[in-house]
Amino acid sequence: MATSLMKTIGAGELRSDHVGETVTLAGWVGRRRDHGGVIFVDLRDSSGIVQVVLNPEDSPATEETLHGLRTEYCVQITGLVRPRPEGTVNDELPTGAVEVVAAHLGVLSPSDALPFQLDDRVEVDETKRLQYRYLDMRRTRMAENLRARSRAISAMRRVMERDDFLEVETPTLIASTPEGARDMLVPSRLRPGNFYALPQSPQLFKQMLMIGGVERYYQVAKCYRDEDFRADRQIEFTQLDFEGSFWGQEDVLGTLEEIVVEVVKDLRGETVELPLHRMTYAEAMDKYGSDKPDLRFGMEITDLSDVFAETEFKAFGGAIESGGTVRGINGGNLGLSRSGLDGLVSRAQELGAKGLVWMVVEEDGSLRSPVAKFLSDAELSGLKSELAAETGDVLLIAADEIQRVSHILGQIRLDIGQPDGNDELAFAFVVDFPVFEVNDDGSLSPAHHPFTDPGDIETLVSTPESAVSKAYDLVLNGTELGSGSVRIHDPEVQAKVFEVMNISAEEAESRFGWFLEALRYGTPPHAGFAIGIDRMVSILRDEPNIREIIPFPKTQSGADPLTGSPSKVEEDQLFELGIDVRTEVRAAWAEEAESPTD
RNA sequence: GGGGGCGUGGUGAAGUCUGGAGUUCACGCCGGCCUGUCAAGCCGGAGGUCGCGGGUUCAAAUCCCGUCGCUCCCGCCA
């Protein structure tokens, strides 16, 4: 802790070594224990907590100041560091062996009574916390999360600088580029009716940096995606974005491994074993029904099509006949009641399943299930052996087209398999993503932005649905931390990809003509990645959502309870921007003004 | 766009299913006592339009309808 005019040392830094020194501290009044005569104050600053002793003899401040001290007053204290008396040492505190006898106490700034207690054991409504985020971050949870976030970024920079990456800032008022998500738009005053987009990622800029000879670039980049919120999604978030020239996939994954090792070391003091686990997209989908498998537990999806190849049970047989599949998972001994099992069925239906068959293995080896009577003995025993079923196990089976079955069982697997209190970290690279995802109606939609190396061009053209791109993800505990790819550096390939993606030459020219031209000036082969910093830190900190990692996050409806954003603006301002508000919106405003809600 | 959960003094919860006086618990706040506590202790006190609107009822925190906010999820999103 640097000294300043107002303090000579951080409160949390005091140790027995400092005994005998007179120090000046500044910080906040945490807990206050007023015994009438002596008063103990837990003085807190960013370095920690130390006990300050105030008493009439040693502290010549007025009685009023002493007893008038209240929680969260901002104070400055000068006093002597001394060992705590015999028997009063507090082993819970790093500073617990000493205390500061205040000779002088100054209130720098008093505090109103707080809207909620800063005690970490008190759970507070999150909206309230966000509304008073500046108080919330005085609590250890947020204070530590902010520090962890900073350390994570610092570790990332360390790797980037060690490997000679150049930090470059790219603009945030840009032309809309296709990343799949909805753009956040900013109106242009100088060109009414025209809009900037906020970047969903610095994608094309970093590629141009490669063309520009930077060779190795990184940026801690703010990104924006105007989509619905989730526990791990905000409309603005921060990524470590990097890119390298003369690079292929292995170079990127190697750099990611370095980053993972450093960040985990700094945040958790743990050593990550290299190489990180790696699997193909196809394997991930097959075994885990997800492109971001949670590998902290097994419960792999098993193909049961062979078992039920000849079945009389229509739900299974029908699926197989129409080219689909029957697959199942062994959920283990879940101890679920009938209604709990039915809950899984509803969940499956929510996920688009026609149904979900559950079976419980009884003591005598028989299978209890609403559909057991429709299945032959051979099928039941085949099922048990395929799923390695033991007494008490719950078997869950779905039948439908492959993609849907994977999705359903993959989600159910997560619902029932999430290890509680398991602090294991399961990193994995998922590689060989397809170029296209197949929609329900059989049509294709790009799985990545169109600047991703689509692999073999002939395959891309002849059977696009089976084309494998050079795209890869980094996954941690079932959450996608980020993704990247080898990029296209050949303008001919780029044109071909647009064609296959049904982007006409005219459209490509009008939207990215400038970029297509850039590709024509000796573009080096290049590849890169972007890691979601908020996500990574939230998992490493065992936080349930990324709002705990973002200093000033938004609620699920995109509002900031502290500042009131988004907010209305004056009509003059809209006029100046060339924006006309629709009559319906205007009417809604008027109604809102008349009858304020909540 | 859809489904689930939640909304009760400043904070957190119980009460809601099965309607009967704003009832209870913990913390905080205010005042008093108290010179070795560390979630200090003891005594006293203040503080609520039960999110909001409507309906049913003799009577609504409680039942019904609507609405707003927060949250988790599906869709969406890499």
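Predicted model: local features only at pLDDT ≥ 70, side-chain atom pairs only at ≥ 80, totals over all residues.
Residues are numbered from 1 along each chain as its sequence is written, and chains are lettered from A and ligands numbered from 1 in the order in which they are written.

**The whole chain**

Display chain A first: its C-alpha trace spans about 90 × 75 × 60 Å along the principal axes, and the chain holds 17 helices and 22 strands (DSSP runs numbered from the N terminus, with H or I over at least four residues for helices and E over at least two for strands). Of the 598 residues, 34% are buried, where buried means 20 or more other C-beta atoms within 10 Å of a residue's own, exposed means 12 or fewer, partly exposed lies in between, and C-beta atoms are placed from the backbone.

**The α4 and α6 pair**

Next select residues 140–162 and 249–268, which are helices α4 and α6.

Show side chains at the contact (C-beta atoms, placed from the backbone, within 7 Å): residues of α4, including Ala148, Ala152 and Val159, meet residues of α6, among them Ile259, Val263 and Leu267. The residues of this contact divide into 8 nonpolar, no polar and 5 charged, counting Ala, Val, Leu, Ile, Met, Phe, Trp, Tyr, Cys and Pro as nonpolar, Asp, Glu, Lys and Arg as charged, and the others, Gly among them, as polar.

Stay on α6, whose buried residues include Val252, Leu256 and Val260; the buried residues of this helix pack against α4, β17, β20, β21, β22 and α15. Gly269 follows α6 with a positive phi near 65°, and in the loop between α6 and β11 you will find Pro275, joined to Leu274 by a cis peptide bond with omega near -5°.

**A covered helix**

Move to residues 203–211, helix α5, which is mostly covered, with 7 of its 9 residues buried. Those buried residues pack against β9, β10, α14 and β22, and just after the helix Gly213 takes a positive phi of about 85°.

**The surface near RNA strand B**

Now bring up RNA strand B, which has 56 residues around it, Gly36, Gly37, Asp125, Gly180 and Gln556 coming nearest; near means that a residue's C-beta atom, placed from the backbone, lies within 6 Å of the strand. This surface divides into 16 nonpolar, 19 polar and 21 charged residues, and β1, β3 and α2 are the elements that give two or more residues to it.

**Loops to finish**

Select Met299, in the loop between α7 and β12, which has a positive phi of about 50° although it is not a glycine. Asp432, in the loop between β17 and β18, likewise is not a glycine and has a positive phi of about 60°. Finally, Asp306 sits in the loop between β12 and α8 and is exposed because it has 11 other C-beta atoms within 10 Å.

Methods:
Axes fitted to C-alpha atoms, helices over the stretch in contact; angles between N-to-C directions. Contact = placed C-beta atoms within 7 Å.
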